[in-house]
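Please open the structure in your viewer and keep the selection tool at hand.

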Amino acid sequence: MPTKHSSPEKSDNFYANQGRKLQEMQHDLEQKIEKFESVADDPFTTKRIETLQANLKEVKSALGMHEMGLYGACIDCDETIPKARLEENPEAILCERCAE
Ligand SMILES: [Zn+2]
């Protein structure tokens, strides 16, 4: 991948930051899941683990997209996902229209 050594644009920082956020989210989720799995196996906890695992899956897909340099584009229609949406949901891989 060619790298520019000139001063990076703000948008580049934005996407690099999103990548870091996603890595932190993945780490957090993995720790939470581990904690829940070790404490109890009641239906409530099981449900929580399922929710966390679903969320972790989303974060991992977004990270995968990020690694391939495809992050920020909708996987369905290829439209650029607005930064405001990405800031709110770093794991978003669909634009608002396709997510509905
Ligand atoms: Zn879309």
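The stops below begin with the whole chain and then turn to single elements and residues.

This is a predicted model: local features need pLDDT of at least 70, side-chain atom pairs count only at pLDDT 80 or more, and totals for chains, interfaces and linings use all residues. Residues are numbered from 1 along each chain as its sequence is written.

**The whole chain.** Select the protein chain and display its secondary structure: there are 4 helices and 0 strands, in the order α-α-α-α from the N terminus. Helices (H or I, at least four residues) and strands (E, at least two) are DSSP runs, numbered from the N terminus. Of the 100 residues, 13% are buried. A residue is buried if 20 or more other C-beta atoms lie within 10 Å of its own, exposed if 12 or fewer, and partly exposed in between, with C-beta atoms placed from the backbone.

**Helix 1.** Select residues 10-39, which form helix 1. Ala-16 belongs to helix 1 and counts as exposed because 12 other C-beta atoms lie within 10 Å. Its C-alpha is separated by 8.8 Å from that of His-66, although Ala-16 and His-66 are 50 residues apart along the chain. Glu-37, also in helix 1, is partly exposed, since it has 13 C-beta neighbours inside 10 Å. From Glu-37 to Arg-48 the C-alpha distance is 9.9 Å, and the two are 11 residues apart in sequence.

**Helix 2.** Next select residues 43-68, the 26 residues of helix 2. From first C-alpha to last, helix 2 reaches 38 Å, close to the 38 Å expected; the expected span is 1.5 Å times one less than the number of residues. Val-59, Ala-62 and His-66 are buried in helix 2.

**The core.** Which residues make up the largest nonpolar core? Select Leu-22, Val-59, Ala-62, Tyr-71, Ile-81, Leu-86, Ala-92 and Ile-93, 8 residues in all. A nonpolar core is a set of buried Ala, Val, Leu, Ile, Met, Phe, Trp, Tyr and Cys residues joined through C-beta atoms within 7 Å. Now centre on Val-59: leaving aside neighbours within four places in sequence, Val-59 is in contact (C-beta atoms, placed from the backbone, within 7 Å) with Leu-22, Met-25, Gln-26, Leu-29 and Glu-91.

**After helix 2.** Select Gly-69, which follows helix 2 and has a positive phi near 80 degrees. Finally, select Asp-78, in the loop between helix 2 and helix 3 (83-88). Asp-78 is not a glycine, yet its phi is positive, about 75 degrees. Most residues other than glycine have a negative phi. Asp-78 is exposed, because 10 other C-beta atoms lie within 10 Å.

Note on methods. Contact = placed C-beta atoms within 7 Å.
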